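Take a look at the model below.

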Amino acid sequence: MVESRVEPVRELVAPVPASIDPLEFRGVLGHFATGVAAVTGVDAGAPVGLLVNSFTSVSLDPPLVAFCVAHTSTSWSRLRRGERHCICFLAADQQEQGLRLAGRGVDKFRDVAWSPSPSGLPVLDGALAWLECAVEAEHPAGDHVIVVARVHHLARSGDDSRTEPLLFYRGRWTRLPEA
């Protein structure tokens, strides 16, 4: 029998860097292109949602994903009350829906077409794909919370060969360059 040895995680102690200007930090991070995802749910019978560009896969077994939400988000507190939520990956032509969900206010779904997921949660019409998830864990991290969620249902939408993603790069919405 082969024994597996797992090394304990060592805490790295590094000197605290000189103060980093938040605007410069944001500008540098803006050079990393990200996809745009809507996190949706239902609160008191009404659809609710927010936009994230800090989404990542975490694990295939079990199926886990993660995204980050600002502590100041009033939409996350409403979404969090539900047992599950959907993550919809936006297509290049969904910038208008993205802007609505990124804004403040309670009527973010006015004029936003959606269909119900298996649990009745909003799946934005035209999204590239979606995941229906339940929160596994939340980890405070600076001015955000890292949300780890387990996937329960998922689907692709439309024709993969014709649909491009909506991207966020250098502080602007953008698309993949024409081939």
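This is a predicted model: local features need pLDDT of at least 70, side-chain atom pairs count only at pLDDT 80 or more; totals for chains, interfaces and linings use all residues.

## Trp76 and the cores

Setting aside residues within four places in sequence, Trp76 is in contact with Val39, Leu50, Phe67, Val69, His85, Val135, Glu138, Val145 and Val147. Trp76 also belongs to the largest nonpolar core, which has 18 residues. Within this core, Val39, Phe67 and Trp76 touch the most other members.

Which elements give two or more residues to this core? They are strand 2, strand 3 (46-52), strand 5, helix 2 (74-80), strand 9 and strand 10. Strand 10 supplies the largest share, with four residues. There is also a second, separate core of 15 residues. Among its members are Ala38, Cys88, Leu121 and Trp130.

## Strand 5 and its partners

Strand 5 covers residues 64-70. Five of its seven residues are buried, so strand 5 is largely enclosed by the rest of the structure. Strand 4 (residues 55-59) is joined to strand 5 by four bridges, and the two run antiparallel. Find Ser57 and look across: Val65 in strand 5 stands opposite. Strands 4 and 5 form a hairpin, with four residues between them.

Strand 5 pairs with strand 10 (residues 144-156) as well. Seven bridges link them, again in the antiparallel sense. Here Ala70 stands opposite His144 of strand 10.

## Strand 6 and its partners

Is strand 6 mostly covered or mostly open? Strand 6 (residues 85-89) is mostly covered, with four of its five residues buried. One partner is strand 2 (residues 37-43), which runs antiparallel to strand 6 and is joined to it by four bridges. In this pairing, Ala37 faces Phe89 of strand 6 from the opposite position.

Strand 9 is another partner of strand 6. Five bridges join strands 6 and 9, which run antiparallel. Cys86 stands opposite Glu132 in strand 9.

## Ala134 in strand 9

Now move along strand 9, which spans residues 129-141. Ala134 lies in this strand. Why does Ala134 count as buried? Its relative accessibility is 14%, and buried means under 20%.

What does Ala134 touch, leaving aside neighbours within four places in sequence? Its contacts are Glu83, Arg84, His85, Val148, Ala149, Arg150 and His152. Take Arg150 from that list. Ala134 and Arg150 are 16 residues apart along the chain, yet their C-alpha atoms are separated by 5.4 Å.

## The cysteines

A disulfide is a covalent bond between the sulfur atoms of two cysteines. How many disulfides does the structure hold? The count is zero. Take Cys133, which is in no disulfide. The nearest cysteine sulfur to that of Cys133 belongs to Cys86, 7.4 Å away. A disulfide needs the two sulfur atoms within 2.5 Å.

Are these cysteines buried or exposed? Cys133 counts as buried, because its relative accessibility is 0%. Cys68 has 25% relative accessibility, so Cys68 counts as partly exposed.

Look at one pairing in detail. Strand 1 and strand 11 (residues 167-169) run antiparallel and are joined by two bridges. Gly35 stands opposite Leu167 in strand 11.

## Thr34 in strand 1

Thr34 has its place in strand 1. Thr34 is buried, because its relative accessible area is 14% and the limit for buried is under 20%. Not counting residues up to four places away in sequence, Thr34 touches Asn53, Leu166, Leu167 and Phe168.

The side chains of Thr34 and Asn53 make a polar contact at 3.3 Å.

Key:
Residues are numbered from 1 along each chain as its sequence is written. Side-chain values use heavy atoms; hydrogens and water are left out. Buried means under 20% relative accessible area, exposed over 50%, partly exposed in between (1.4 Å probe, protein chains only). Contact means heavy atoms within 4.5 Å. Two strands pair if DSSP finds at least two bridges between them. A polar contact is a pair of N or O atoms within 3.5 Å; within protein, one must be able to donate a hydrogen and the other to accept it, and residues adjacent in sequence count only if both atoms are side-chain atoms. A nonpolar core is a set of buried Ala, Val, Leu, Ile, Met, Phe, Trp, Tyr and Cys residues joined through side-chain atoms within 4.5 Å.
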